[in-house]
Amino acid sequence: MQTDPSPPRLPGVTLMTTSGQQPHHRVDYWRELVCRRFAEVQIASRLGTDFSGRMETHQYASLRLATVAAKAQSVARVAHHAQTENEDCYFAVLLLAGSEFLAQDGREARLGAGDLAVYDATRPHKLIMPEDFTKLIVQIPRAALSSRVGGLERTMARRIDGAQGPGAVAAAFFRSLAGHSTQFDAAQRERLAEQALDMLAFALSPQPSTLPPARSRAITLLRVKQHIERHLGDPALSGEVIADAVGLSSRYVNQLFEEEDISLMRYVLKRRLEQCRDEFERGAGHAQRLYDVALRWGFNDPSHFSRAFRKHFGAGPREFCGLTRGAQSES
């Protein structure tokens, strides 16, 4: 694979270009590069020997970001199933310059600079870039996005306005990720990847202006709860962290939970305690220290955990496990 000889090699960044190829080999080489990095597709360009392309990739945990700058081309996939594990994913596209036409499953999206769209890499699709373009492509494992967005198939190949609303927030965040990837360690990259997925899910979700108020708030509350469930084990999970991750104000998030007669952080505490209880009922407290279970669910103070558990369930952790063992032996 030909790497770009001019810029210095940076950790976590891969640079690839057609510049070192013979002009009549560049389109074929570009197709080989794209297939290796993304999915098996067909690529054509009317430019022939005038074609050129450049790709810079960044890895954030399970997400791969690629900044692609190339000449006019069309891309088509005809296969209906993933041929490799690498292909079983979605692609989020943020167009930075030029224009793009995207078609999949009878839907069409025409993107201008700043717009976003998502499509399924495993299903047939067609992309047309009629002029020089630059775009950011985010490769997302299927489970990582489908677990966040209900009815995800209905959001494929739809234009997301990158100039306002959730689309603008997601677009700005993805641009920042591509520009600063070398500044983060592995743990920071993993956290940023989770935040990026949450922002994209927010941009893909129906917005309040298109839903009755009660329905909109219910969907938003569900999205917040899903984020909490994924991060219950993080002891640093706070109201501010949660609000920032879902792109809402702390005040609004707290208002959502007040409608259920519970505060945000009391809900987090309740879910952590319930997870510990569930593990104790499955016998986890018999085979390992009780506090190890608590640590796994975000508690970092044994005394606080014991007091909270007793207040919530009417018995301390050790007593609860004893009662559980007794009930299991009797059955």
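**View 1. Strands E1 and E3 of the predicted model, joined antiparallel by five bridges.** Strand E3 covers residues 53-60. One of the bridged pairs links Thr 17 to Arg 54, the latter in E3. Strand E1 spans residues 13-17 and is mostly covered, with four of its five residues buried. In general, strands of a sheet pair through backbone hydrogen bonds, in either a parallel or an antiparallel sense.

**View 2. The open five-stranded sheet.** The strands follow the order E2-E5-E10-E7-E8, and their pairing is antiparallel. Strand E2 (42-44) and strand E8 (107-112) form the edges, each pairing on one side only. On average, neighbouring strands of this sheet are turned by 10° against each other, with direction ignored.

**View 3. Pairing of strands E7 and E10 within the sheet.** Strand E7, residues 99-104, pairs with E10 over three bridges in the antiparallel sense. Ala 103 has Lys 126, in E10, as its bridge partner. As a general rule, side chains in a regular strand alternate between the two faces of the sheet.

**View 4. The largest cavity, with a volume of about 180 Å³.** The lining of the largest cavity comprises 18 residues, of which Val 34, Phe 38, Val 75, Leu 127 and Ile 137 are the closest to its centre. Two or more lining residues come from each of helix H1 (26-37), strand E5 (73-77), strand E10 (125-129) and strand E11 (133-141). Sorted by class, the lining of the largest cavity holds 15 nonpolar residues, two polar residues and one charged residue. The model contains two cavities of 30 Å³ or more; the other is shown in the next view.

**View 5. The second largest cavity, with a volume of about 40 Å³.** Its lining is made up of Arg 148, Asp 198, Ala 201, Arg 223, Gln 226, His 227 and Arg 230. By class, four of these residues are charged, two are polar and one is nonpolar. Helix H4 (186-204) and helix H5 (213-230) each contribute at least two residues to the lining of the second largest cavity. The most come from H5, which supplies four.

**View 6. Position of the second largest cavity relative to the two domains.** Domain 1 covers residues 13-204 and domain 2 covers residues 213-329. Both domains give residues to the lining of the second largest cavity, so this cavity lies between them.

Technical notes:
Residues numbered from 1 in each chain as written. Predicted model: local features only at pLDDT ≥ 70, side-chain atom pairs only at ≥ 80, totals over all residues. Heavy atoms only, no water. Buried < 20%, exposed > 50% of the residue type's maximum accessible area, 1.4 Å probe, protein only. Pairing = 2+ DSSP bridges. 1 Å grid on protein atoms, 1.4 Å probe; cavity = no way out; pocket = protein on both sides within 12 Å on 5 of 7 lines; lining within 4 Å. Points joined across faces, edges and corners; volume = space filled by probe spheres on them. Nonpolar A, V, L, I, M, F, W, Y, C, P; charged D, E, K, R; others polar. Domains from an automatic or database assignment. Axes fitted to C-alpha atoms, helices over the stretch in contact; angles between N-to-C directions.
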